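Subject: Structure handover

Hello,

Here is the structure I said I would pass on. My notes follow below it.

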Amino acid sequence: MPQEKRTGRGALGGLLGFVGLSVAAGVLVTAAVTPALALTGMTANNAISVFDNLPNYLNVDAPMEKSNIYATAADGTHVLLASFFDQNREDVAWENVSQFLKDGAVSAEDPRFYEHGGIDIMGTARAVIKTYVVGGDTQGGSSITQQYVKNVLVQQAEQIADKDKRDAAYKEATKTTPERKLKEMRLAVGVEKNYTKDQILLGYLNIANFGGQSYGVEAASKYYFGVSSKDVNIQQAATLIAMLNNPSGLRIDRPDQEVNGAADGYSLTKVRRDYVIDKMLEEKKITQEEHDVALASAVEPNIVQPSSGCQTAGNAAYFCDYVTWVIKRNPAFGATDEERLALLKRGGLDVYTTLDLDLQNSSQAAIDAYIPKAMARVDIGATAATVQPGTGRVLAMAQNKNYTAGDSPDPSFTAVNYNTDQAYGGSTGFPVGSSYKVYTLLDWLKNGHSLNETVDGKRRTFTSFTNTCEGNWRGAWNPQNFDGSSPGAITAIDATKRSVNSAFVAMAQKLDLCEIRQTAESMGVHRADGKQLVDFPGSILGSNDIAGLTMASSFAGIAAQGKYCEPIVIDEIVKPDGEKLTPPNANCKQGVTPEIANTAAYAMQTIFQPGGTAAATTVRGAPLFGKTGTADDALHSWITGGTTKAVTSLWIGNVTGDASMYNVRVLGGQTGFSAKFRVWSQIMNSAVGKFGGDAFPQPSQSLIRAKQVAVPDVRGKSVADATTTLQSAGFTVATGEPIASQLQEGVVAATEPGAGVNVSVGSTITLRPSSGQPAEVAVPDVANQNQQRAQKSLEDAGFGVQFMCTADPGAPNDGQVTGQNPAANTTANPENTTVTVALKKKNCG
């Protein structure tokens, strides 16, 4: 920075002030580098003491480097999705740096670099005289080693995560004081003792700033000229070295500047570039001919913007964004979010992700084919997440919006990843509707019920539910089925196939709402807003707000025989030195037993059969399982499921607002509701084509068959007591019309089926109360029947029988009825009537 003109006294004072601290450097150089200068006396001895007490070891940490996130292509190669950096830098080896760059740096910055021991006495003396005696611009006079030391100290300051500490350290490393200069000198001598000249020069070229975010010769060469640092020519190398003199003022990526822009041929930079070329000739690093050609050339930048941030990841931008959140949220990468973000932007990590580009492209294409990015009157949203069962690896993550890192007034853009939780850059989730019924099914099976057990599926008002966590629920709830049906007795497997609300509510009434929630949690289900899942009755039908990635991971656990794995997006992380960091673990666990998971999957395969809720899908080549879901008023529509190799959860619905997906017309002539079958089918056809799919494991036979239980004898009990007895035995109870009986009016006179009959658990047993009035029936006509047949006919009708026998040698051996009282076809109460039958028989004995 220009200085005010100094007076003689001021100049002398400045010189003496500097000498007071820097004389020690001269002493050290005298002893270690160029014994042409000898200092004696007390002042020198004191200076030596001060200098010796300064630290002489510089801890050279790895410089900041950009981190890269990669996906996997079909041929197994890694494809760059995005890079992240505070400083765009790529460390390169000595052999990958052009000799022109090395020679240019030494020739222009420190011609005696390979001769001195870290401090250039002549350069330092010149700078002292210019700065402190003559006055004018502050002169550096620093050797390349000293500049390297300063860059390392600045870098160490910039790597501090805490802002206040970082700012203080940066100020200390850059302040223009004799004290700081002396410290650099001492450290420079120490560096020369521990590193070779080539190592120091390479370190300097790899760490130095070349303007803006370009640090190190490799990143600078690629940015300014579009070539690697090993391939720059003389004039390009000289231009880069020129920028080291004033990185901010001489950068050549601002063509619109009036001074040092394209219009004036980057005049200021060219002057310094030509100086570097002249110095290279002077130091005999290039020939006269090379010098002349390079000097005559124009400064011609070829700016290549580096990949920076997830917006460069194309249709995988939301997946990329989720990867960054995983790193920012995982304690393995630092103690705070700031430290983890700093590691991502400065740690030079190569992050190899689980993303499969083929499936990602197919998923995005499927959404784009049917769901617009924005609509005039509907805030439409759609997401698809695909997870690999048994590993938790996220294979694809697509969304109907364009990614932006910040807010945007354009509704087709958003920074929110609707596939993920709020704490990971996502939304607060969306109601999953009937998809959540799967967890009632799992808990049903856990409690020993079977798929072919029947429940009463008719629509009715439910007044109580067991909840051992929150307290039992009492109230009045009358849920309806989406088609308005009231199916009556229905098996659990058929209720799953047809997604019958009233049947699942009836199933849940036999269970514990708390246990249903805990079963869902055991399979990784949680609310996207971080709150606990609600477990009031409405949750049975999917009122909880959940993210698509959570549903895909949970269903993948069912496909993996009950082994739930947390979703993971990183396969491997490699540091610049080749060391591997441990990526986040999937923490796989057995959420439910294989028998329960396999049986649930067996039932969930039926939704793709004729009459099932997903019969409209068209996926071929592998067995499928899953569950559809439609939230109240069809504000959200879901289908989650897949194969043993890949599970996709698809959501289409309102980001905000209350438009019914039954009525919203999207692309391809589809409604928001029907489009889910097209989009999901297209994604899963791609998944099956690439990964295939095996037959699902066989279900547990004991969980398929309905258990047979004898109907308890409840005759003579009150209707309430009889109901309790039958429900305890696992039956559903209905009360029919009263029947005539001599039993007390109102008590149970009979059941249908009757007592002792073996029927399936869950079957409906109908109670028939007594009317209190005995019933009269017609007396059977037994004329001319033999004794045995007549007795059976009357007893079957409920009558008692008494025979009066007359011996007749001509009568049949088994007898023949000749009369009866009461007479045939008259009415009588069988419970208190005995029919007297006259009988002729060959032998009455």
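Is Ala-634 buried or exposed? Ala-634 counts as buried, because its relative accessibility is 2% and the limit for buried is under 20%. Please keep in mind throughout that this is a predicted model.

Backbone points

Ala-634 sits in the loop between β18 (625-630) and β19 (636-642). Although Ala-634 is not a glycine, its phi is positive, at about 55°. Asn-825 also has a positive phi without being a glycine, here about 75°. The loop that holds Asn-825 runs between β28 and β29. Asn-825 is exposed, with a relative accessible area of 57%. As background, most residues other than glycine have a negative phi, and most peptide bonds are trans.

- Glu-752 to Pro-753 is cis, with omega near -5°; Pro-753 belongs to the loop between β23 (748-752) and β24 (758-760).
- Asn-821 to Pro-822 is cis, with omega near 0°; Pro-822 belongs to the loop between β28 (816-821) and β29 (827-828).

Nonpolar cores

The largest nonpolar core has 89 residues, and the members that touch the most others in it are Leu-81, Tyr-439, Leu-442 and Phe-625. Helix α13 (residues 317-329) is the biggest contributor to this core, giving eight residues. Another core lies apart from it and has 49 residues, including Val-191, Ile-207, Phe-210 and Leu-250. In soluble globular proteins, nonpolar side chains tend to be buried together.

Beyond its neighbours within four places in sequence, Leu-442 is in contact with Thr-519, Met-523, Ile-558, Val-592, Ile-596 and Ala-600.

Helix packing

Which residues of helix α5 and helix α8 meet? From α5 they are Ile-144, Thr-145, Gln-147, Tyr-148, Asn-151, Val-152 and Gln-155, and from α8 they are Ile-200, Leu-201, Gly-203, Tyr-204 and Ile-207. By type, the residues of this contact are seven nonpolar, five polar and no charged. The axes of α5 (residues 144-158) and α8 (residues 197-207) come within 9 Å and cross at roughly 45°, so the two helices are oblique to each other. The crossing of α5 past α8 is left-handed.

Helix α3 packs with helix α11 (residues 267-282) at an angle of about 95°, and their axes are 8 Å apart. The two are therefore roughly perpendicular to each other. On the α3 side the contact is made by Phe-100, Asp-103, Gly-104, Ser-107, Ala-108 and Glu-109; on the α11 side, by Arg-272, Tyr-275, Val-276, Lys-279 and Met-280. Here the division is five nonpolar, two polar and four charged.

Two buried residues

Val-106 is in helix α3. Val-106 counts as buried, at 9% relative accessibility. Not counting residues up to four places away in sequence, Val-106 touches Pro-111, Phe-113, Tyr-114, Ile-144 and Leu-201. Val-106 and Leu-201 are 95 residues apart in sequence, with their C-alpha atoms 8.4 Å apart in space.

Asn-88 is in the loop between β2 (78-84) and α3 (99-109). At 4% relative accessibility, Asn-88 counts as buried. Leaving aside neighbours within four places in sequence, Asn-88 is in contact with Lys-66, Gln-213, Ser-214, Tyr-215, Ala-219 and Pro-306.

Regards

How values were computed:
Residues are numbered from 1 along each chain as its sequence is written. This is a predicted model: local features need pLDDT of at least 70, side-chain atom pairs count only at pLDDT 80 or more; totals for chains, interfaces and linings use all residues. Side-chain values use heavy atoms; hydrogens and water are left out. A nonpolar core is a set of buried Ala, Val, Leu, Ile, Met, Phe, Trp, Tyr and Cys residues joined through side-chain atoms within 4.5 Å. Buried means under 20% relative accessible area, exposed over 50%, partly exposed in between (1.4 Å probe, protein chains only). Helices (H or I, at least four residues) and strands (E, at least two) are DSSP runs, numbered from the N terminus. Contact means heavy atoms within 4.5 Å. Axes are lines fitted to C-alpha atoms, for helices over the stretch in contact, and angles run from 0 to 180 degrees between N-to-C directions. Angles under 35 degrees count as roughly parallel, over 145 as roughly antiparallel, 65 to 115 as roughly perpendicular and the rest as oblique. A crossing is left-handed if the near helix is turned anticlockwise from the far one by less than a right angle, and right-handed if clockwise. Ala, Val, Leu, Ile, Met, Phe, Trp, Tyr, Cys and Pro count as nonpolar, Asp, Glu, Lys and Arg as charged, and the others, Gly among them, as polar.
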